[in-house]
Amino acid sequence: MAVMDTHHPLAFTFGILGNIISVMVYLAPMPTFLRIYRKKSTEGFQSLPYVVALFSSMLWLHYAMLKGDAFLLITINTFGCVIETVYIILYITYATKENRISACRLLLSLNMGLFSFIVIITHFAVKYSVRAQVLGWICVAVSVSVFAAPLSIVAQVIRTRSVEFMPFNLSFFLTISAIMWLAYGLSTKDLCVALPNVLGFILGILQMLLYAVYRKAKKVVMEEKLQEHLKTIVILNTLGNSEVHPMDVQPTELKEDAKEHEQTQEDNNEKSLETSNEDDLHPNENAV
């Protein structure tokens, strides 16, 4: 096999496993878009996560093709470009006019404007011998810059003492994905692939530790939460870049939380009334 000839067997193994797990991660928003398709509406979902994910996949694909001898990077990022393009097309099809215009502007400015600018600059202003290296570090910078999203979710979990915003299965597979691509980067001596996944691995471990700490913790009920209809799932993508996918929170869950809160208040009110009635009856009984 030509692919085996151009890769160390260990790197090839890690790359194949990374491809398999990353495909599963890329397919994670599928239920969201099935909901959009059935309802013919994007509701409160935003286009930003998918546009950014497409931009990142395009950059990494360009890097892999420019570098050469990176077939497994090409395969997964080609798949990423295709699936994210499908997501964006579905979003634009069923979005409101305002959201459609916003998504198109973002797509034009980021995926066409900024991407074209990076390609032109690296092609004409950078020597061929270091072009792939420069582009690789640009990819690393983009990947690291969007890690603010996972950190915001970590802060939200700590604040609310609730892990519903951070499913364990997703955190687990994202951590495994980071390990596979970190090992692939180290095996191929590609620091541009390895470095973002060091941060991805650390955040993945942190998310699982938080899940272990707060999975049975009592939730902090906030009034704002009862008004929310979306929760955000953070996805650390194939090579360390993160995506923020809004996932729908079932209205019944919100209603149940509200009902439990109201029921608790009603029970407390009833107990206080009973206590006050008993206090009122005691003097009458003594008089009799």
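Analyst: Asp190 is buried, with a relative accessible area of 3%. Buried means under 20% relative accessible area, exposed means over 50%, and partly exposed lies in between (1.4 Å probe, protein chains only). The model is predicted: local features need pLDDT of at least 70, side-chain atom pairs count only at pLDDT 80 or more, and totals for chains, interfaces and linings use all residues. Residues are numbered from 1 along each chain as its sequence is written, and side-chain values use heavy atoms, with hydrogens and water left out.

Which side chain does Asp190 meet in a salt bridge? The partner is Lys67, at 2.5 Å from N to O. This pair links distant parts of the chain, 123 residues apart. Asp190 sits in the loop between helix 9 and helix 10, and Lys67 in helix 4. Helices here are DSSP runs (H or I, at least four residues), numbered from the N terminus. Lys67 is partly exposed, at 34% relative accessible area.

A salt bridge is a side-chain nitrogen of Lys or Arg within 4 Å of a carboxyl oxygen of Asp or Glu. Side chains of opposite charge can pair when their charged atoms come close. The structure holds three salt bridges.

Glu43 is partly exposed, at 34% relative accessible area. Lys39 is partly exposed too, at 47%.

Now the nonpolar surface. Trp137, Ile179, Leu191, Leu195, Val198, Phe201, Ile202, Ile205 and Leu209 form a nonpolar patch, with about 750 Å² of accessible area together. Patches take residues with over 30% relative accessible area and no salt bridge; like charges are joined within 9 Å, and nonpolar side chains (Val, Leu, Ile, Met, Phe, Trp, Tyr) within 5 Å. Accessible areas come from the Shrake-Rupley method with a 1.4 Å probe. Helix 10 (residues 191-214) gives the largest share of the patch, seven residues. Ile179 lies in helix 9 and is partly exposed, at 32%.

Last, two loop residues. Asp69 has a positive phi, near 55 degrees. Asp69 is in the loop between helix 4 (48-67) and helix 5 (71-94). Arg161 has a positive phi of about 55 degrees. Its loop runs between helix 8 (148-160) and helix 9 (168-187). Most residues other than glycine have a negative phi.
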